[in-house]
Amino acid sequence: MALLALLALALLLTGAAYATVAPETATAESASSVSEVEAGRQLFVVGCASCHGLNAQGITTAGDEDEAGNYGPSLIGVGAAAVGFQMETGRMPMAQTAPQAPRKHVEYTQDEINQIAAYVASLAPGPARPSDEELNWQSVDKEGISEGGEFFRTNCTACHNSVGAGGALPSGRYAPTLKGVDAIHIYEAMLTGPQQMPVFSDEVLTPEDKRNIIAYVKTVQQQGNDGGLGGGGLGPVADGLFIWLIGIGGLVGFSVWIGMHGTRSKKR
Amino acid sequence: MSQNTFTRVEDSPTGKKLAGPVGWLDDRLGLAAAGKKNLRKVFPEHWSFMLGEIALWSFVVLLLTGVFLTLWFDPSMAEVEYTGSYAPLYGIDMSAAYASTLDISFDIRGGLLMRQIHHWAALLFVAAMIVHMLRVFFTGAYRKPREINWMIGVGLLALGMVEGFAGYSLPDDLLSGTGLRFVDGLIRSIPLVGSYLEFFIFGGEFPGEIIIPRLYMAHILLIPAILLGLIGAHMLLLVYHKHTQWPGAGRTNENVVGYPMLPVYMAKAGGFFFIVFGFLALMGALIQINPVWAYGPYNPSEVTAGSQPDWYMGLSEGLVRLMPPLETTWFNRTWTWSVFLPGVGGLGVLFTSLALWPFIERWITGDTREHHLLERPRNAPVRTALGAAGITAYVVGLIAGGNDIIALKFGLDIFAITWVLRFGLFIFPVIAFIVTKRICISLQRKDNETLTHGWETGVIDRSPDGGYAERHAPLPDTAAYALTGSRERLPELEAETVHKSDAYGVRNPDYRKQSFRQKMRKFYYDGSVDKPTSHDMDHASEHLAGGGEHPVVLGDDFQGVSETGVPRVH
């Protein structure tokens with residue numbers, strides 16, 4: 001019993017000592033940009049460096065020139081937009097190695113993400129987070145929306161499907177669904193090309209084009225589902241399933257019902 | 001009015017009024033003579049005989065809704081600027097065909113409902129034809145004299161698929177254009193003539209400007225006319241041959257036991273039409289199908305993830321996805337087989353083997369008799385097993401056609417699915433064959449046991465020394481006939497040995513053919529259980545009748561006991 005009390009006391013003392021010595025976490029309001037970068041670096045060293053390297057230079061795996069791979073890619077020059085996309089959708093930090101980082105629960109607070117973004121942005125010039133003006137898709141007019149649709153069909157539907165339901169890619173990778181994705185993350189994904197996605201820089205798709213694409217995706221996803229219960233935008237595979245299960249299944253049921261009943265030949 | 005009297009129709013007030021007009025028609029059309037025979041035509045009753053009716057009625061729904069759609073659809077590839085009410089496509093250049101499809105969907109009252117009913121009916125039409133065909137296959141209903149009707153059915157299925165595909169291509173949206181591109185690839189994959197055929201069909205390079213008007217003509221005139229003609233022939237032959245029936249009390253190979261056309265089947269079939277129509281209308285109203293507005297106009301440089309054909313073309317899509325790359329260089333030219341073999345060859349093998357099967361089976365069994373009694377699937381184990389193997393291969397192809405959707409929805413690796421199915425296409429049907437055949441043979445044994453040992457009454461006897469035994473009662477004659485009525489005695493294969501040369505050393509010129517056929521016969525009948533002989537039956541009934549060890553003899557009217565152990569009739 002005494003031993004246990006001693007252990008508890010020791011733990012308490014260590015904790016108290018650590019609290020006084022350890023650096024305080026900076027908050028966005030109070031910290032200057034320099035201290036924000038420093039706070040981001042601290043967070044980075046704890047949470048990201050094991051894969052991306054202590055100085056965000058990336059970690060390559062051993063092997064010959066062909067076999068050497070990225071354990072974690074270099075983050076120098078990826079910009080704040082990449083950090084915002086990856087961390088605000090929960091893709092980073094990854095829970096385990098996988099063909100692709102899935103969207104999941106966000107582990108960091110918004111302030112912490114901003115700090116890490118500031119740190120990564122400070123390493124080298126890279127795409128910054130889009131402004132509210134660039135994201136204001138609600139202001140796009142009819143022509144802009146249908147133009148966004150043209151861009152969407154030309155550049156995006158091959159992987160993301162025509163209603164943004166997502167699609168499969170080789171070796172367990174996939175283009176994720178665009179349903180319920182914030183405008184800023186669609187924008188940043190185009191800007192930074194995360195995972196399997198190509199980069200659509202501002203020279204390829206201007207900020208206005210990007211805003212129009214977002215406006216098209218959002219408009220199509222927010223409109224009512226004309227024609228009834230949709231198959232999730234999965235197309236004819238779902239239709240085939242429905243006709244066999246509901247159509248054939250139901251009508252065979254009716255056939256059995258009709259077949260079971262003979263005639264009432266007796267007069268009542 | 002007492003219970004057994006009725007008024008003759010010509011004496012009723014309505015009958016008296018109608019006598020004039022009906023007589024007038026009869027004098028000119030001879031309806032009475034034709035009607036007297038055909039209105040009393042007898043059809044047997046069974047739920048599985050109504051599967052073809054689902055196809056027939058969905059075809060009627062297709063005609064009705066299709067007529068509505070033709071009123072507004074514009075089969076033209078001329079470019080127009082869309083100004084209709086679907087905002088996200090406002091101002092986009094598209095073909096008149098696509099624009100008019102959008103108009104039908106958004107600006108014409110009831111248009112979207114009609115489009116959706118039409119599309120669901122098309123999917124149902126092909127599905128019902130396949131289910132009907134499987135029923136005919138597994139019951140041996142295609143045997144003599146119905147081989148030609150079977151082939152007409154195979155033709156209907158093939159044409160139905162082409163018809164469906166033509167309709168799928170008409171709206172000229174991104175999905176249908178991608179499907180058309182797929183078929184363009186199939187056409188071009190045909191060695192030597194492929195590219196000439198493509199230019200002939202598309203009037204130049206894909207997509208050209210005439211394919212939609214051409215497909216429209218095929219979709220609303222040419223193929224429906226052939227379909228109608230074939231359906232007519234199919235039904236006429238059905239009436240001529242009379243419908244097959246299951247063996248049962250009073251049913252033989254020479255009669256048909258059932259209900260007359262009028263009034264029973266008039267009511268049943270007519271009612272079923274409304275059920276099918278109602279089902280399709282409900283599906284059209286409640287479940288979205290082919291939202292063309294979501295895909296956008298066709299543009300050969302665009303594609304959407306999850307592009308799939310309608311389910312009935314899924315097999316060829318899937319086989320193409322499964323095919324590993326394969327090409328050869330002959331005469332300094334590249335010959336690519338990656339599309340031709342699975343795409344054209346797959347469907348070709350399917351339809352050729354379907355059409356030839358009745359003749360192949362007849363060649364194997366040497367059975368030249370007429371069959372009007374259906375065979376239970378268990379009593380032709382190899383046929384049933386072959387059918388199961390065919391279904392398995394078909395489903396493997398279908399799954400492969402949707403491998404990207406499966407990968408996405410179940411979080412699987414699309415390559416892993418493809419590799420499993422590549423081997424599965426050859427392995428799974430073999431497993432299905434073996435399992436199905438064994439199940440059939442087990443069921444045959446079960447039938448034989450029921451025939452010889454009677455049925456389980458549910459009455460448990462306790463013997464003086466404490467043992468329990470369930471009593472079996474002899475099967476009623478009608479039930480025994482139903483089990484054996486269409487079973488034929490198996491041929492004695494050992495007696496049919498084929499010799500290379502006869503006793504005088506003269507070579508048998510047909511030796512190879514005959515010994516191959518002999519092998520096929522062995523394969524076909526292998527493991528099949530013969531029905532009990534009359535000797536077996538006599539022996540069994542002696543055993544069952546000798547109720548010496550049973551304290552209470554079961555009466556003739558005994559019909560078993562309920563779950564609580566009370567005799568059903570007492």
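UniProt positions are given in the numbering used here, with feature names shortened, and the annotations may be inferred rather than shown by experiment. In this predicted model, local features need pLDDT of at least 70 and side-chain atom pairs count only at pLDDT 80 or more, while totals for chains, interfaces and linings use all residues. Residues are numbered from 1 along each chain as its sequence is written, chains are lettered from A in the order in which they are written, and side-chain values use heavy atoms, without hydrogens and water.

In chain B, an unreviewed UniProt entry places "domain: Cytochrome b/b6 N-terminal region profile" at residues 21–247. That stretch of chain B is 68% helix and 4% strand, with its end C-alpha atoms 43 Å apart; helices (H or I, at least four residues) and strands (E, at least two) are DSSP runs, numbered from the N terminus. Chain B contains 19 helices and 8 strands, and its C-alpha trace spans about 95 × 80 × 60 Å along the principal axes. Of its 570 residues, 46% count as buried, that is, under 20% relative accessible area, where exposed means over 50% and partly exposed in between (1.4 Å probe, protein chains only).

In chain A, an unreviewed UniProt entry places a "transmembrane region" at residues 241–260, a span that is 100% helix and 0% strand, with end C-alpha atoms 27 Å apart.

Elsewhere in chain A, D141(A) sits in the loop between α6 (132–135) and α7 (142–155), and D141(A) is partly exposed, because its relative accessible area is 45%.
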